[in-house]
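Please examine the model displayed below. The paragraphs that follow proceed from strand pairing to the ligand shell, the domains and the backbone geometry.

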Amino acid sequence: MRIDIITVLPELLESPLNCSILKRAQEKNLAKIVVHNLRDYSTNKHRRVDDYPFGGTAGMVMQIEPIDRAISQLKTERTYDEVIYTSPDGEPFAQRMANTLSMAENLIILCGHYKGIDYRIREHLITKEISIGDYVLTGGELAAAVMCDAIIRLIPGAIGDEQSALSDSFQDNLLAAPIYTRPAEYKGWKVPDILLSGHQRKIEEWEHEKAIERTRLRRPDLLID
Ligand code: ADE
């Protein structure tokens with residue numbers, strides 16, 4: 001998989017995309033993330049990529065030309081499954097969407113900034129608008145990093161134990177069961193006996209019950225759909 005990210009703040013993406021699992025996935029050629037500085041596509045001598053909005057509202061708007069130039073250039077090089085725009089008014093990002101996107105070959109993520117982008121970009125160039133939650137970030141870079149992390153770790157081979165991606169919270173619309181490690185007792189706080197019993201089938205039943213119980217308590221909305 002290849003993900004091209006278009007941003008005015010490439011430095012904000014450097015470390016989150018080059019650590020741990022994302023770093024290893026790229027070293028193993030399972031994923032390639034290429035960050036493009038939108039200012040490289042500006043024809044303005046000050047490398048400007050924003051302008052005042054028509055209609056006199058406050059704030060600045062990202063201009064259409066540099067974005068169109070960047071996306072068009074990338075599209076001459078390969079075919080993209082989706083051209084994504086990060087925005088608080090996009091479709092909510094969730095595990096199901098991460099699963100679908102993890103099967104893509106090539107993705108573009110355009111990071112929003114300022115008051116937003118010229119709406120014609122959304123109408124004509126963007127195929128998917130994604131929000132990572134009901135709050136407003138200063139820009140779309142952290143949202144892009146969150147999405148890359150959630151997507152790339154699902155690519156087979158990206159995490160050592162593939163089974164563990166399948167047992168994640170949300171994978172079956174259930175939160176994960178509680179998990180413990182040694183020591184079996186600490187300050188009198190005990191690991192549930194069942195987990196020490198060695199009885200695999202009963203352990204799995206217990207984990208499933210706990211997953212349902214925790215979901216009912218914390219996220220009953222997940223049990224509805
Ligand atoms: N840009 C600003 N806020 C955002 C959010 N919540 N999700 C995605 N992109 C954003």
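Strand β1 (residues 2-7) and strand β2 (residues 32-37) run parallel and are joined by six bridges; helices (H or I, at least four residues) and strands (E, at least two) are DSSP runs, numbered from the N terminus. Two strands are taken to pair if DSSP finds at least two bridges between them. Within this pairing, D4 stands opposite V34 in β2. β1 also pairs in the parallel sense with strand β6 (residues 106-111), over five bridges, and there I3 stands opposite L107. In a regular strand, side chains alternate between the two faces of the sheet. Five of the six residues of β1 are buried, and the strand is thus mostly covered. A residue counts as buried if 20 or more other C-beta atoms lie within 10 Å of its own, as exposed if 12 or fewer do, and as partly exposed in between, with C-beta atoms placed from the backbone.

The model is predicted: local features need pLDDT of at least 70, side-chain atom pairs count only at pLDDT 80 or more, and totals for chains, interfaces and linings use all residues. Residues are numbered from 1 along each chain as its sequence is written.

The ligand is surrounded by T86, S87, P88, G112, S131, I132, G133, Y135, V136, L137, G140 and A143; a residue is near a molecule if its C-beta atom, placed from the backbone, lies within 6 Å of it. Strand β5 (residues 82-92) gives the most to this shell, with three residues. By residue class, the shell holds six nonpolar, six polar and no charged residues. Here Ala, Val, Leu, Ile, Met, Phe, Trp, Tyr, Cys and Pro count as nonpolar, Asp, Glu, Lys and Arg as charged, and the others, Gly among them, as polar.

On the scale of the chain, the domain assignment gives domain 1 (2-152) and domain 2 (167-223), with bounds from an automatic or database domain assignment. The C-alpha centres of domain 1 and domain 2 lie 37 Å apart.

Some backbone details also deserve attention. A cis peptide bond, with omega about 5°, joins R182 and P183, and P183 is located in the loop between α7 (162-166) and β8 (185-186). S20, in helix α2 (residues 20-27), is a residue other than glycine with a positive phi near 50°. S20 is exposed, because 11 other C-beta atoms lie within 10 Å. Y114, in the loop between β6 and α5 (119-124), has a positive phi of about 55° although it is not a glycine. Y114 counts as partly exposed because it has 16 C-beta neighbours inside 10 Å.
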